[in-house]
Amino acid sequence: MLSNFNKAIFLGITLYAILLFAFSGIPDADIFYHFAVTKLYLKEGLVSKLPWPEIGIQSREFTDYHFLFHLTMIPFLFLPTEETIKIKLFILFSISLLLYQLTSYFRKEAPSLSPYFIVIFFILGSVLFTGRMLFGRGNLLFFSLYLLSLRIWDLKYNKWIFLLSFLATWSYSGFPFLFFTGLFIVILERSSANTRLFFSSSMGMFTGLVIHPSFPYQFKGYFIELIIQSFPPPGVEAIAEWLPPTRDILILGFLPILPLLLLSFSNKTHYNFHPRSFVFLFLGIVCLIFTGASLRVFEISWLMFYIFIFLNTTLSKKNQILTALILFVIQFPIAYEKMNQQFRSSETKYGYIVTQWIKFNIPQGERIFLSWADYPYFTFKLPEYRYLFGLNPLYAWSFSEDQYFSQKAFFEGIIPGFQQIPKILNYETVVINKFYYNFAYSEFKKVSSEYHLVFENEKYGIFVKNTPLNKNTKEIIIPQR
């Protein structure tokens, strides 16, 4: 017979699977880049630079902030199934691992909690949080290592704390959050044991930073990712991770847990709270203060409040189950519809068609003038070509400020004569995403005499310089998906 713990985990995995596999495609494009890097590792081993960006810093010094995350992808590449299914299975595995670690942590720290209560609230307590977790980013692995470290935070596991902290550094650029958690544990729970554990954790992170697969480029890479990203130069586009959440997003993200937060404080004195819960409350408040500047910080603040609440819940087992059922009835349809919208917004049907057209009509190795937002999918489907840059505008700005602002001016159409920029930068092929840059597309199509439109669909237009395609070009064959 399965225990309630295992049944609850199985229920959670089932809910995640429904939210992932009920829709075609992938919920977020960045995962394509991560799989492209993993494929590159399988082909060439460790690499010190990436072959795809033309004006990205990774073209000459590559820092892999997600090295361990990329290694965990390798087994999924060998699965005998379609590529998007491989990616979804990887996301399901990663988020299930996080769910298991979280539920195991509460089984140790708050054994009176129903595992069904834990699982349902973690998945449906914030539709925004769950949606971001289903993007399949490195934070899934980091949070799993983070929770495992907290679960075994004991001197008898001192060496394991060092190792887990080392691995956390290789999994995600947000690893300093583990440092601040250990620091607040030391401050709020003063003991020699906590000090020694914090020292082991800090040394693990320091060692992971120094002994890094991207050596010696990791120091500059983390400076760009953590410091410059926090104080971006004027005019550099902000990635979605660092955009402030709207009021609606904050309400959608926090509203379901507010009643439980109030219940956590009802009929309690300082001595009734779980001794470590104030660490998470403090971290949640600090993160919430900075949430106005970054969605990445929002997801951490929500997780910290969640842990605080569940360490201090006063609900009986019966009321926990009842609350979980009510939450499921209300929130699951909302989560399902929100994921449906997210999958539709990330639809790759048109991208697939245009990449297949390029594959059969543009010579391999060609430099393609492509927006950074389309870079992840194109590197995944067409790794034989070179592009401007991708993932983060800071990577191009760090490589060449002039070239970054030149391509930005083209896609935004903000200066007179912007249509000449691909010619000035010596690109033969230009691909424009009409959904994002319709003005640039229409003006380039209308005004440019140096390029002509050779292919378009509802989302993309492809322009080639000077002459029509060679008559000997292969016949276009678009394989069925």
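## Ground rules

Since the model is predicted, local features need pLDDT of at least 70 and side-chain atom pairs count only at pLDDT 80 or more, while totals for chains, interfaces and linings use all residues. Residues are numbered from 1 along each chain as its sequence is written, and side-chain values use heavy atoms, with hydrogens and water left out.

Helices (H or I, at least four residues) and strands (E, at least two) are DSSP runs, numbered from the N terminus.

Start with α1, which covers residues 4-21. Its 18 residues reach 25 Å from first C-alpha to last, close to the expected 26 Å; that expected span is 1.5 Å times one less than the number of residues.

The buried residues here are Phe 5, Ala 8, Ile 9, Gly 12, Leu 15, Tyr 16, Leu 19 and Leu 20. Buried means under 20% relative accessible area, exposed over 50%, and partly exposed in between, using a 1.4 Å probe and protein chains only. Looking down the axis of α1, these buried residues fall within an arc of 135 degrees, so they line one face of the helix; the arc is taken from the directions from the helix axis to the C-beta atoms. They pack against α4 (83-109), α5 (115-124), α6 (127-133) and α16 (317-345), where contact means heavy atoms within 4.5 Å.

## Helix α3 and Phe 67

In α3 (residues 67-77), the buried set is Phe 67, Leu 68, Phe 69, His 70, Met 73, Phe 76 and Leu 77. They pack against α2 (30-44), α4, α7 (139-151) and α8 (158-171).

Phe 67 has a relative accessible area of 8%. Leaving aside residues up to four places away in sequence, Phe 67 touches Tyr 41, Leu 46, Trp 170 and Pro 213. Phe 67 and Gln 218 are 151 residues apart in sequence, yet their C-alphas are 11 Å apart in space.

## Helix α14

Helix α14 (residues 277-290) has 14 residues and reaches 20 Å, close to the expected 20 Å. Among its buried residues are Phe 280, Leu 283 and Cys 287.

## The sheet

Now for the strands: 5 of them make an open sheet with mixed pairing, ordered β2-β1-β3-β5-β4. Two strands pair if DSSP finds at least two bridges between them. β2 (386-387) and β4 (451-456) are at the edges with a single partner strand each, so one side of each has no neighbour in the sheet.

β4 pairs with β5 (residues 460-465) in the antiparallel sense over 5 bridges, and a hairpin of 3 residues joins β4 to β5. Across this pair, Glu 456 stands opposite Gly 461, and Tyr 451 has Lys 465 as its bridge partner.
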